[in-house]
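Reader: I would like to go through some labels used for side chains. Please tie each label to its cut-off.

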Amino acid sequence: MRILHSELKLSEIKPLPYFATWPKIKSAIGLDARIEKRIAEILDQMTLAEKIGQMIQPELAQLTPEEAGRYKFGSALNGAGITPNGNRHTNAHEWVATVDAYWQAVYEAFADRPFHIPFMWATDAVHGHNNVFRATIFPHNIGLGAARSPDLIRRIGKATALEISVTGMDWTFAPTVTTPRDYRWGRHYEGYSEDPEIVYAYAAPMVEGLQGDGANNELTDPAHVIACVKHWLGDGGTMHGIDRGNCRSHEDVLRNIHAAGYYSGLAAGAQSIMISFSGWEHPDNYDHSPGLGAPYNYKMAGSRYLITDVLKNQIGFDGLVLTDWDAHFEVARCTLGNAGYVINAGVDVLMVSARKAWQSIYELTQQQVHDGIIPMARIDDAVTRILRVKMRAGLWDKPRPSERSYAGREELLGCAAHRALAREAVRKSLVLLKNANGVLPLARAQRVLITGSAANNIQKQTGGWTLSWQGADVTLEDLPGASTLAMAVRSVVGESHCCVDSTLELINTDAFDVAIVAIGEDSYAEMRGTIRPWHSLEYAKLKTSYARDLQILRELKQRGIRIVTVFFSGRPLYVNEEINLSDAFVAAWLPGTEAVGITDVLFANEHGEVAYDFVGRLGHLWPRRKHSVAINRRPPHIPHFVVPDDEQSAVGEHEPLFSYGYGLTYKSTSAERNVDLIPLDEMQTHEYVPSATQSLPILDHVNNMYRWRIMGHNTWSGVDVSFSEPCDALTMHTEPINYLGVRDALKIRFKGNVSFIFVHYDVAVDYRSFIATGAIQFDVKVLVPPDAPLYLACHDDYPSQPV
């Protein structure tokens, strides 16, 4: 078989060094005496209020241009799914006009000062400029890690930076350099690999693609933007894979597995680092202000050890450090309106969403400086770093956003060259796990049935962080030019040789030569995708719709049709039976909009020859058993490595089904392609649990173990509800009252925005004992009939994936 366009190359991934201590990193962008002198001159003239303004980063929906100017804010951001006027289809010109208005307001605010400080706009462009209509959507990081190509990563970074520049923005919160170690984590797909060698190899080229060559000062060019490596540190190693949970690893593991991407990213010149929501539960993570209220809860945003002692002092990072979305609120002794403990830990910029919260922080931080709680030196360090990054990015020399070289050039968003790059990335990310009897590549003349829940579902391809936070509500109208797998197959074989029946309910399969079964996870992001500890990795048991995918495979197998399964997922899952039922099985990860990259490899060319070979290699071990939730390759660069308590040894009981680096090609031998019948794991996932014998009080102001919170429109970090005094949040007002002689009652007034009030416990709790005989009892008195739908709901694991 002659291969026309082989993309198979020797691995570009180099061995990773071991670090016995935290290394000193030399950045490609070094200190410049002229810049430092200018910073000192400006800092000396700034008022305390102006300094605090530089340290607060509000969000678009909770900030007006007038407010940006009044407070002289240093930056702002648009969160996932938040767009000008709430219009998801906002074009490049409208984005530029929006950013321009804030830039101009801040510029004018300095009119009476002997200096000015430019404003900068930040966004979460994590797989392309994914918050913007018409932008190129690249595969998520898990797929890119399988491609094993730093050069590809650099080119994607460069393309993304150009598209960000089209919208007038300055800064992206990318790349994510987490090293995910537990498949249950809802952000697993945001990491390139479970192994730090790939993360280490990718961080630098992505930073270089976004920022340009640091040594040649390309960050100042109009086609480049400021990069941000995130999330510092250990977010991929939390116990049970719980999002925003605590990592309990030894510091050597933290340094050599979880920090690997930061070393290369910072060496390439990354100018910002975002702190994780998660924590590091370890004695070295000390309380920097003991005796002041509740004990420090190990959350990373409050870790002076890892932010100041390690990152700034030992590693030598001289850029700016910022929190994630309201992450200060996760830290003990902080509230939404009080971030003093986090500032003292070493955070320079606070990402604060709600207006009341940033207003409170603005005022309270000034008071805390006056009261000596926050040293002035800490404020000056933060502002120095902010001004340093802005100067290195050339923001004083760049004109207003609307006058920049690429501003508003709509034709560059999703342009042909960038879509071709995304298509290439899809091709290179595919991993062929099975190809029995050489069923692939498929001939173009074959009659093809396309079925399965992902056959014509763009959301399953693009995943989270796509025009919205969860990405679960996007349609093809939101993604012009996108192709689902069904559309891509149809374009190859033609309408007459192709039929789409996602549920396998209408079609006679005898009319087809082969079935392409597209299955996979629904779109999710962050905690919404976390698999709770009492669930296994069994794909068919995670949702009823996934179970239907397995049933489709069984039915097709019984009918004797050849089956090619394409699996979309944000992580490896237990799919032993699905693989057994398939003649070929392809791990396609979350490829984005360019499904044509999949058909490039699945189908032969017009001459019946291989067009493109499979080149993807697993960046993760693939589980053989349902409960092999945290197996990882033994890192060869760490001497005397001991598997952490929160992980599982890949030797013995949890031996993987497919090894790290596994991936078939069209050159693989017949013995390699024909995967043996895989034994099914018969382990029961739910043991018997006796019924509960007593009630479980939920609304109890005396012994309440639960947390009541309000979330909703631009308050997704949550507002705690008090049972001693009223709570006035952005979306609703609550008031504790006596009702029918019972004190445990709340009076709730909704304010007209989408919102909800809920009760939860901070850690996962097994309530299966209440299933057989349990009932939830509460009284509701409607004082004013609602003019919009009001729902009551109970979730077994909210906010994780619903069934």
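Reader: What makes Lys72 count as sitting over the ring of Phe110?

Author: The rule asks for NZ of Lys or CZ of Arg within 6 Å of the ring centre and within 35 degrees of the ring normal. The charged end of Lys72 is 4.9 Å from the centre of the Phe110 ring and sits over it. Arg255 likewise lies over the face of Trp22, at 5.6 Å from the ring centre. This is a predicted model, in which local features need pLDDT of at least 70 and side-chain atom pairs pLDDT 80 or more, while totals for chains, interfaces and linings use all residues. Residues are numbered from 1 along each chain as its sequence is written, and side-chain values use heavy atoms, without hydrogens and water.

Reader: Why is the pair Tyr192 and Tyr202 called edge-to-face?

Author: Rings of Phe, Tyr and Trp (its six-membered ring) pair if their centres lie within 6.5 Å; planes under 30 degrees apart are stacked, over 60 edge-to-face, the rest tilted. Here the centres are 4.9 Å apart and the planes at 80°, so the pair is edge-to-face. The count of aromatic pairs comes to 27.

Reader: How do you know that Cys498 is in no disulfide?

Author: A disulfide needs two cysteine sulfur atoms within 2.5 Å. The nearest cysteine sulfur to that of Cys498 belongs to Cys499, 7.0 Å away, which is too far for a bond.

Reader: Why is Cys498 called buried?

Author: Buried means under 20% relative accessible area, exposed over 50%, and partly exposed in between (1.4 Å probe, protein chains only). Cys498 has 10%, so it is buried, whereas Cys499, at 22%, counts as partly exposed.
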